[in-house]
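Dear colleague,

Please find the structure handed over with this message.

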Amino acid sequence: MSGEPFVIIGGGVAGARAIEAIRENDTETPVILVAREKRLPYERPPLSKEVLLGVESPEAAFVRPVRWYDERGVDLRLGVAADKLDPASRSLVLSDGQELTWGAVLLATGSGARKLEVPGTRLGGVFYLRTMTDAAALRERLVHGSRVVVVGAGWIGLEVSAAARRRGAEVTVIEPHDAPLLGTLGERIGAWFADVHRSHEVTFRFADGVESLEGEGDVVTTVVTTGGDRLPADTVVIGIGAFPNTRLAEGAGLDVEDGILVDESLRASADGVYAAGDVARWYHPTLRTRVRVEHWANAYDGGYAAGRSMVGLPVHYGPMPFFYSDQYDLGLEYAGYVPPGTDTELVLRGDPASNEFLAFWVGRHGDDARVLAGMQVHIWDEIDTVQALVRSKGPVDLDRLADPTVALDAVGANELGGIPRMKSRYAVHRLAWPPPDSL
């Protein structure tokens, strides 16, 4: 063992994947993992899916078992926070008073839940779903007949609602907009999500908000809406978005703007400092803009790319933003990027009422129509072609794009070619994706 250590800050999938990449290329330099929680690094998607449903234990979300870290000589500092980072001296002060020196450091500090600023949010029975502890405690409350109010109809709110209904709870969702996921997917697809949940007896209260939470003793019993209604509640789950955990980076004087600013190699503004996952806002070499993505695939791919970059390998990190969701018996994948404020046209291939369809968000460049993003619902062999269409930036024929009888890789003017055929979203997650030349 030689050289100053690689220090990884963060107990999520990005940190674990960085260690994987480092050890594949450097078996000698010490590696130290610093994580606030007293748990091995774990993945967050199962928290609102399998763990919340009770079909998997919380420990099933661990990225790797402890022996994996032991075999690679990783010094695990669990249950301790990183308090102060000094790029000039290449030092890190921990909450237990220890000071580490480093040769390279990765900030994989993730994101935190946005707080609902109304009276009563500190009552018992009120949850933000961000940690394994949150998921385990919430699962115990999702029982048959319990009354659950979900605040926010985003991805977390919808997945929690689906899990709660499958466990027999009564669910009401409060959402200030007129449909779920309106800002992300638009009115038509948002309305489809609402219909899916209504078919499972979820009640929506759109164009409404929360005025306060009330309780008996120290436990929540009532949600008071901005419209003046009083909703009985045994459990309240708040899912109104997230923010990047940039406190450590800001204290270190790094460039921060809606995340830690990094280049396409995931290098921050100070020498030897890198960032990946939810907290990183990186320059995307294909999209030619900075993006920040709060989804599992970015942490999985980005952590690995950052580890390669930290050991000195050339990295040009440019996968298409990708995410997936499971709700009831539906599975879906989304790939692509629609810049904020972009006017788009929705093109459907198939009927959403069948719960098997493709949706495309198309932008205009002059007279040409180009696919910016696409989503598949139960059409598992096409998400790779969707990504290829987005990458090609080529014009597409909208009539052919909407026609299920036309092969998806034949709807555009550009040759796509070389598209790997994945059988399911899980293959995309667990294989080396994207290909190494885009890392």
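The notes that follow concern aromatic rings, charged groups over rings, and backbone angles. Please bear in mind throughout that this is a predicted model.

Aromatic pairs

The structure holds ten aromatic pairs. One of them joins tryptophan 68 and tyrosine 69, whose ring centres are 5.0 Å apart. The planes of these two rings stand at 85°, which is over the 60 degrees required, and the pair is therefore edge-to-face. Both tryptophan 68 and tyrosine 69 are buried.

A further edge-to-face pair is formed by tryptophan 192 and phenylalanine 357, with 5.0 Å from centre to centre and an angle of 80° between the planes. This pair connects distant parts of the chain, as 165 residues separate its two members. Tryptophan 192 belongs to helix α6 (residues 182-198), while phenylalanine 357 belongs to strand β25 (residues 357-365). Are these two residues buried or exposed? Tryptophan 192 has a relative accessibility of 7% and therefore counts as buried, the limit being under 20%. Phenylalanine 357 is likewise buried, because its relative accessible area is 0%.

Tryptophan 192 and phenylalanine 357 are also members of a cluster linked by ring pairs. The cluster consists of Trp155, Trp192, Phe193, Phe323, Tyr334, Phe357 and Trp361.

Charges over rings

Which rings have a charged group over them? Arginine 17 lies over the face of tyrosine 300, at 3.8 Å from the centre of the ring.

Backbone angles

Most residues other than glycine have a negative phi. Two residues with a positive value are noted here for your attention.

Aspartate 258, which is not a glycine, has a positive phi near 50°. This aspartate is found in the loop between α7 (247-251) and β18 (260-262). Its relative accessible area is 44%, so aspartate 258 is classed as partly exposed.

Arginine 288 is likewise not a glycine, and its phi is positive at about 60°. The loop that holds arginine 288 runs between β20 (280-284) and β21 (289-291). Arginine 288 counts as exposed because its relative accessible area of 64% is over the 50% limit.

With kind regards

How values were computed: Residues numbered from 1 in each chain as written. Predicted model: local features only at pLDDT ≥ 70, side-chain atom pairs only at ≥ 80, totals over all residues. Heavy atoms only, no water. Helix = DSSP H or I, 4+ residues; strand = E, 2+ residues; numbered from the N terminus. Buried < 20%, exposed > 50% of the residue type's maximum accessible area, 1.4 Å probe, protein only. Phe/Tyr/Trp six-rings, centres within 6.5 Å; stacked < 30°, edge-to-face > 60°. Lys NZ or Arg CZ within 6 Å of the ring centre and 35° of its normal.
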